Each structure stands twice: as structure tokens, then as C-alpha cells.
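Dear colleague,

Please find below the structure that I am handing over to you. My notes on the salt bridges and on the contact between the chains follow it.

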Amino acid sequence: MKKITLSLTLVLICTALVAQTDYAYETFDDTRIVNGHSVETKNEGILTFIIAHRFGPMTSGRNNLWGLDFARMRMGLDYGITNKLMVGLGRTSTDGTIDGYVKYKFLSQSSGERSMPISATFLGGYALETKAVHPNPDLELDLSQKSSYVAQILIARKLGDKLSLQVMPTFLHRNLVADDEENDIFAVGFAGQYQFLKNWSVSTEYYLTPKSSLPNNPDGNDFQQSLSFSVQIDTKGHIFQLHISNSQGMVERTFISESEGDWQDGKFLKRDIFFGFNITRDFKIKGRKIR
Amino acid sequence: MKSIKILLLVIVPAILGVSMISILEKPDWDDETPVFEVLAELGEDKPEHFVTMTDEKVKRGEDLVKLGKATGPNGEKGKYISKFYTCTSCHNLSREDPNLATVDQDARLKYAMENKIPYLQGSTFWGIVNRETWYNDDYVLKYGDLVRKAENSLKASTELCAVVCSQGRSLKDWEMESILAYMWSLQMKMGDLDISKEDTEEWKENKSEENVALIKSKYLQKSPATFAHLPESKSEGYPFDGRPEMGKGIFELGCQHCHRPDGESDVVFENNKQTLGWLKKHITDDSDKSIYQIIRKGTYAEYGHKEYMPHYTLEKMSHQQVEDLRAFIEEGA
């Protein structure tokens, strides 16, 4: 009995010494998939400058270089406070929207001694349309009326070396809406990335927003579900994302609930879809625990 | 009575004399005696980098070496010496070589594989205080005045490493003292040296200088550094047959020391077809994507991207071992 107990104890000790946890890393190439966020957060001390362009519709034809002559831009800065907590601030040319967010990765996919099948990140954001105007020109909007909020749980899993999938339950709140619209919109996003080379990958992102929740489009056409496709190139210090999307918006309020383009309307270059790109550049501001 | 006195006068000194000889014959050290102390007793001067060790200093030094920052003696919170590296990015803290008196890359690699020690470009801090030169040989040839002072000074070497090699900042006095104190805690002991029975016999006959030489013959006074050339043809490589099983050790203990998730490098190397295929594809490139280029030449710190990879000298990775790594990559790609 004593021998068995001793043997078991030794086995347990050896197992404890040998067991380790392997964490999944780089589930996605960057903190953004196309328009929306991935589960990734920046490492501590990393400041990222992100510049995003969304061009005009391809239906604008050859003379306008299929939309390249018209550009909307967002510039932003993201910063890793810790390896799991990051904050970001940005401004979009559309409506002069200023946005900010906090992102915290509370689960990391892992195997081994500690097994976790998914990674999960919470995102909380705020956007202020500084140029938004009241339909009645005699009235002005106050700050709260120009504000919107978003909360997301980003849940992802890396499946092998090449494929990652993500689902994004989303809550969007717009303070000011028309009488026949809802302030709150619940949507679910789906995204995936496939890494076909060491530093090249393709990805897609789709937001399923209930049609009944979509706001009225002042232009008359119905807003659509957001669907985007992207190619990523990871270089030393830069990430380039080239994409096409039916969304011109770069802030959650716009691409989740106000996507104007229609993938199904017309042939490829005659659709209201938009070419765009994101470029990010990392700067190391302070050191971190490396090992 | 007189004869007894004479007898005592003869016998007692004789006994005392024999005892003295016996005391002189025995080396006055054991396995735990620091080498430095034995040398000091034999008349060697204290090195310039000598500092008195206290537990607090050693602990602070350990934090500085392993974490890159520490709390100062007056409670001040230290800042990272480097944003990019810690000492252990490039240096081990344990013995690396089974035989301290020779450079034997394969023996070192096998020792590393058996003991799970990283296979790194920099020399281990273990025993570094016992050496007499640093940044020697081809470092001096290539870098000249930048390393001249560091060649003969461990303090200057440490400062050079903090500012230049680590792309960090100058060390504060308490940081330097703490790092040196920690290094002294890793000094060689007599038991680490391969002192044989014959050596001990020889010790008894020797004078001090000879015993100093005997001790110093048991370990290298410097870490030789030869900056090696690229192969004439990258497609043909160096004239050795690669051993993939050794290459696996180099990949895991060398490359993946930094090329890992959240590591020093943004580029993560996995032991999978994607990584190995990429490495194989670039073997013959004239760029730092080629393993020949990156191992023999490293990269440079650049504006906007200060992180770089130091190269491996010939003594830290032989041509045979580069071919071993290539064989491992090609086999797995």
C-alpha cells in the first residue's frame, strides 16, 4: 500500500513538473479583421497608428477609378496597457466621428494543463458624430444626441495553423433615432481568417443585423447586412489589409447598422461595393515582461 | 636527561616539520570554494569588476538580468533598461559547456539538448566574472573603438550591452553594482573545474604562479569570437552533411528562444510546414530571410525598428550546425 501511495505521489509530482499550458497565438493577424475588431489585443507598451480608407462605390466607374477618387478616412491610435488590455481613439472623416474604445481579452485559447477552447475579448466603445445635424436646421443636437455606444463579446477559436473563426455578439445603442426606429440594435457578427502563407492571409467578416432593426436610410435605399473580404500582408512592423466591402463606415455604428452597398445588385464593378484598406504601424513605447 | 633533551630537540621539530609539509601539501580548497578566492590567495589581483555581494544586491541584479528592471535600493521603481530585450534574451545563466577549457560546439549543443538550455549567441553569465576579456577577437576587429574599453572591462561590457546591444539606456550605478553582484553569484567554483588527482599531486609541487596557471588551464579566459563567412554558394551550403536531429535542437533551443509568441521577435517560428516551408524557400535569398545570412550576419537595429537579431559567431554555431539546421528545415518543409 505504501509503495502504491509513493508511486502515485511520484507520478503526480512528475506530471505536475512536465505538464505545461500552450496558448494559441495570433488567432488573427491584427486587432481588426476588416471593419470590426478581432479578439487580438496589442502587447503591453505597443502604440499602433492605424489609417483606414474607404473609397467610393465601384459603380462610379472608370472616370472615378471605380471609387478611388472619393475617400473616407479614419486615423486612430491604439495602445496596449497590458498584454490583454488596450484602448483606442480615432477620428473618421465621415460626420467627423470621434470614437474611443476599451478592449479586454479575458480568455485565451489554450491546451495542455489548462485547457480553454476559445479566446474571448470584451469591447466597449463610444462614438460621437461631431458633425451630425438635426433635420430641422433651426435646432441643434447636443452631445448625447450625437452619441452612440457599442458592446461586443468577441469569441474566437484557432483551428490548426491556418484557420481561425470568430463570432461577435453585438449590442449597439444609438441615443438619437427616428420615431419609428429602435435605439438598441442586437446583431451577431461572423468572421474568419485563413493563413495561406507565412505572412499572407485572407479573411471575411459578416454582420447579421435584423432588418427590422436597421435604421431608415435618408437616401431611400435600404441599409444592408455588412459583408467584407480582405487580404492581409504582414511585414516587419506594418500590417496591410486590402479589402472590398459593402460598408463605407469604419465605426461600429456605421458598418453594423448603416451599410449602404448591395452585393447582389449588378455585376461586380457595377455594384455599390467599396474598395478600401487599413494600414497599421507599431511603435514600441515601453518595455514589457518578455520571459 | 641530556640525551632526552637532545632527542626532544630533534624529534619535535622533525614531527612539526613533517606536519607543516603535510599542511602545505594539501590544497586549501574544496569543491565549493570560489575559483576567484583560490586565485586571490595565490596572489592574483582582485578584478576591476569585483563587488561585495549582499542578498539584496544579488536579488536586484537577478531582477535586472531576468526581468529587465528592478526596484532600487531606496525603493525607487526602476524602468526597463531596454524596451526590446532582457539579458536572458541572448545570455544563459547556467553552465553551457561540459568542458570549460575548449570550444566544442557539438558538445555544447548536446549539453544544451540534454539539459534544455537555450542555444544562444551570447556567452553565459555563469562564470563570466572569471574571464579576463569580453568583446574580444573579431568584435574588436569589426567594431574597433566601440568595444575597445569593453574588451578589458566587464563593467564597460555590461554598459555597452545595455546601451548598444540591447538598444536600451545607460545603467545607473546601483543597477551596475547589482548586476555585477548577481554575476558574482554565478561565479565558478573549484568543483566546476576538471581538477584531477594528478593535478592535485602536481599542486603540491608547484609554486604559486604554477598553480595559478594550472587553475586557469581548466577554463577559457575568454570566449573566442570569430565572425564567420557565408558559404560560397548558398544552394550548396557549407561542405557538411546536415544532421536533422541536431538541427531540431538548434531550432527549438536557438531560434524559438526569441521567435515565439510574445517573444523578442514579431516573427513566430513554429515547428510546422508553414514556417519550415517559408524558411526553406528563402535559404538561397540574398537577404536576412536566408538562414545563412541571418545566422552569420544577423540584422541591424534601424530607425523605427530597433529590434534586431545578433549573429552567431563560429564558436557559438559551427558551419556543421548551420547545415544541421538546414537539414531539419528541409526535412520538415
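**The interface between the chains**

About 2200 Å² is buried between chain A and chain B, and carbon and sulfur atoms give 46% of this area. Please keep in mind that this is a predicted model. Chain A brings 20 residues to the contact, and chain B brings 30 residues.

Two salt bridges are found across the interface of chain A and chain B. In a salt bridge between the chains, the side chain of R291(A) meets that of E264(B), with 2.6 Å from N to O. The interface of chain A and chain B also holds 15 residue pairs in polar contact, both residues being at pLDDT 80 or more. On the side of chain A that touches chain B, the elements that give two or more residues are β10 (184–197) and β14 (274–284) of chain A. Of these, β10(A) gives the most, with three residues. Sorted by class, this side of chain A has 11 charged, five nonpolar and four polar residues.

**Salt bridges within the chains**

Over all chains, the count of salt bridges is 27. In chain A, R253(A) pairs with E129(A), and their closest N and O atoms are 3.1 Å apart. This pair links distant parts of the chain, since R253(A) belongs to helix α2 (residues 252–257) and E129(A) to strand β7 (residues 119–129), 124 residues apart. Are these two residues buried or exposed? R253(A) counts as buried because its relative accessibility is 5%, under the 20% cut-off. E129(A) also counts as buried, at 15% relative accessibility. Elsewhere in chain A, a network of salt bridges links D30(A), K42(A) and D282(A).

In chain B, K57(B) forms a salt bridge with E177(B), the closest N and O atoms lying 2.7 Å apart. K57(B) is in helix α3 (residues 55–67) and E177(B) is in helix α8 (residues 173–185), so the pair ties together parts of chain B that are 120 residues apart in sequence. K57(B) is buried, with a relative accessibility of 13%, whereas E177(B) is partly exposed at 35%.

Another salt bridge of chain B joins K172(B) and E76(B), with 3.4 Å between the closest N and O atoms. Here K172(B) lies in the loop between α7 (154–165) and α8, and E76(B) in the loop between α3 and α4 (105–115), so parts 96 residues apart in sequence are tied together. K172(B) is partly exposed at 41% relative accessibility, and E76(B) is partly exposed at 29%.

With kind regards

Definitions and conventions. Residues are numbered from 1 along each chain as its sequence is written. Chains are lettered from A and ligands numbered from 1 in the order in which they are written. This is a predicted model: local features need pLDDT of at least 70, side-chain atom pairs count only at pLDDT 80 or more; totals for chains, interfaces and linings use all residues. Side-chain values use heavy atoms; hydrogens and water are left out. A salt bridge is a side-chain nitrogen of Lys or Arg within 4 Å of a carboxyl oxygen of Asp or Glu. Helices (H or I, at least four residues) and strands (E, at least two) are DSSP runs, numbered from the N terminus. Buried means under 20% relative accessible area, exposed over 50%, partly exposed in between (1.4 Å probe, protein chains only). Contact means heavy atoms within 4.5 Å. Buried area is the accessible area (1.4 Å probe) that two parts lose on being put together, summed over both. A polar contact is a pair of N or O atoms within 3.5 Å; within protein, one must be able to donate a hydrogen and the other to accept it, and residues adjacent in sequence count only if both atoms are side-chain atoms. Ala, Val, Leu, Ile, Met, Phe, Trp, Tyr, Cys and Pro count as nonpolar, Asp, Glu, Lys and Arg as charged, and the others, Gly among them, as polar.
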